Amino acid sequence: LPSGLSQWFPALEVLDVSGTGLAELGAELLALPRLHTLLAKNNRLGGPGSLPKGLGQAPLGRSLRVLNFSGNRFSELPPDLLGLRGLQSLSLGGNRLHGIPPDIQELRSLEFLYLGGNFITSIPPELANLPSLSYLVLCDNKIQSIPPQLAQLHSLRSLSLHNNLLTYLPREILNLVHLEELSLRGNPLVVRFVRDLTYNPPSLQELAGRTIKTRNVPYARSDLPENLVRYLSLASNCPNPKCGGVYFDSCVRQIKFVDFCGKYRLPLMHYLCSPECSSPCSSASQSSTSQSESDSEDEASVAARRMQKVLLG
Amino acid sequence: MEQPVQTETWKAQSLEELVRILHRIFSEDKVSVEEVQALMESYESNPEEWLQYAKFDQYRYTRNLVDNGNGKFNLMILCWGEGHGSSIHDHTDSHCFMKILQGNLKETLFEWPEKKGNGEMTKKSERVLRENQCAYINDSIGLHRVENISHTETAVSLHLYSPPFDSCNTFDQRTGHKHKVKMTFYSQFGERTHC
């Protein structure tokens, strides 16, 4: 791009350099203070030096809202992009990404994230820290599991997961109350109960931690080494309503099928603190025996009805 | 020996002319599928003529009504963002013509599931339709899924359904179970419809 760009067109708001064979975008862009949309699809960007240094601090870094780098050669999300705190829409579809950096959570304003058509194998839980994310596309990748933290994306309206390597989903996915679109086709979702999920019995440390939490044994930070204080803060609640227990690393992984009126069966992974616990999210055909269990059945069935609408259109 | 049915060979020079010729064809009692398909294919897509109907939605593909054919047919434009696709669906005993106006769409054909279907649906074939190509399907041919598999380009298609219908069945590929859904328009005659 010509070096005089920002002097000739200081008021430039939209720039489309798609399909021009560009291998790098240089410093000539940095001084464009009004540029909010940059489209650079189908180019040869991706090598070192594809993007100008200091992007986050430049006038351009503050003005950019929409960035489209689909159809390029990025093998990792360019770290230079992470300073774009105002960025609302980012597309890196059809590149060569093998993963998503946890630092993606720094793109605080992101609403639209398109990462379809890459080689991504896993999703960092930090992705769930994007407070405004409403459209997330992860289709056509190599993803094997979804972190349960993704259910914290309360604004999510559309989640595209088709054509990946998912065998199950986390139970928490039912908590996405604003979800309207969810694509799951082309995944090897299990259709039968999986029998070979191993259960590692809890360690002494885990048993001690569970007792401290469930019996509310008081402790102060000065009572324990730092690493144990941190360990205790990571307790997860067992979803079994009759249990009220916690677990740390040792849990029973169990795939239960949530049945949407016999029309769509989703395998959801449940984490329970012991093999004796049962999950609140059972299929409608199982009868409940106690009041507390049926309360959580109601909760689960409301969530299931909502998800049914999403899955079946 | 039977006389072959006389079918005209039309060439639509513009979208407006295409609509005019369609009205003429559908005013007759008998309509030839080949004739309509050839007519749709003959129209060379000109974005200036249909841009006003091409309203995209961020989250999913949109259906934009262009003409309601005096009740004989519905002509609509579908807008597909990157990665947008449809479910597997049937066509409620109607004829369906689909012409690509921009980009490419992948069509995957499926067999109807068995009555007691409880297994994966059978894929019959798949193909990628290119600009200006026109595909045809009806319930006796099978079911299909249509998707824009591009991660970089949007797609626009022109659909004709006769008779018009506003509900169809969607199918779960893993089990063959079907579910009736109502279809809505994102816009009609160029105006956004909110429902």
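Pro163(B) lies in the loop that runs between β9 (155–162) and β10 (167–171) of chain B. In this predicted model, the peptide bond leading from Ser162(B) into Pro163(B) is cis, with omega near -5°. Most peptide bonds are trans, and most residues other than glycine have a negative phi.

Tyr161(B) and Phe165(B) are both buried. Over all chains, the count of aromatic pairs comes to 9. One aromatic cluster draws on both chains, being formed by Phe112(A), Tyr135(A) and Tyr59(B).

Chain B also has arginine side chains placed over tyrosine rings. The charged end of Arg60(B) sits over the ring of Tyr61(B), at 4.8 Å from the ring centre. Likewise, Arg192(B) has its charged end over the ring of Tyr186(B), at 3.6 Å from the centre.

Helix packing is described next. Two packed helices are described by the angle between their axes and the distance between the axes. For helix α1 (residues 15–26) and helix α2 (residues 33–42) of chain B, the angle is about 175° and the axes are 11 Å apart. An angle over 145 degrees counts as roughly antiparallel, and α1(B) and α2(B) are therefore roughly antiparallel to each other. On the α1(B) side, the contact is made by Leu18(B), Ile21(B), Leu22(B), Ile25(B) and Phe26(B). The α2(B) side contributes Glu35(B), Val36(B), Leu39(B) and Met40(B).

Chain A has 5 helices and 13 strands. Of its 313 residues, 49% are buried. Among the contacts in chain A with a separation of 6 or more, 44% come from residues 24 or more positions apart.

| Residue | Phi | Relative accessible area |
|---|---|---|
| Asn42(A) | near 50° | 31% |
| Asn163(A) | about 55° | 30% |

Asn42(A) is placed in the loop between β2 (37–39) and α2 (59–63) of chain A. Asn163(A) is found in the loop between β7 (158–160) and β8 (169–170) of chain A.

Gly86(A) is another loop residue of chain A, located between β3 (66–68) and β4 (89–91). Its relative accessible area is 17%, and Gly86(A) is buried. Leaving aside residues up to four places away in sequence, Gly86(A) touches Leu64(A), Arg65(A) and Ser109(A). Gly86(A) and Ser158(A) are 72 residues apart along the chain, and their C-alpha atoms are separated by 21 Å.

Note on methods:
Residues are numbered from 1 along each chain as its sequence is written. Chains are lettered from A and ligands numbered from 1 in the order in which they are written. This is a predicted model: local features need pLDDT of at least 70, side-chain atom pairs count only at pLDDT 80 or more; totals for chains, interfaces and linings use all residues. Side-chain values use heavy atoms; hydrogens and water are left out. Rings of Phe, Tyr and Trp (its six-membered ring) pair if their centres lie within 6.5 Å; planes under 30 degrees apart count as stacked, over 60 as edge-to-face and the rest as tilted. Buried means under 20% relative accessible area, exposed over 50%, partly exposed in between (1.4 Å probe, protein chains only). A charge sits over a ring if NZ of Lys or CZ of Arg is within 6 Å of the ring centre and within 35 degrees of the ring normal. Helices (H or I, at least four residues) and strands (E, at least two) are DSSP runs, numbered from the N terminus. Contact means heavy atoms within 4.5 Å. Axes are lines fitted to C-alpha atoms, for helices over the stretch in contact, and angles run from 0 to 180 degrees between N-to-C directions. Angles under 35 degrees count as roughly parallel, over 145 as roughly antiparallel, 65 to 115 as roughly perpendicular and the rest as oblique.
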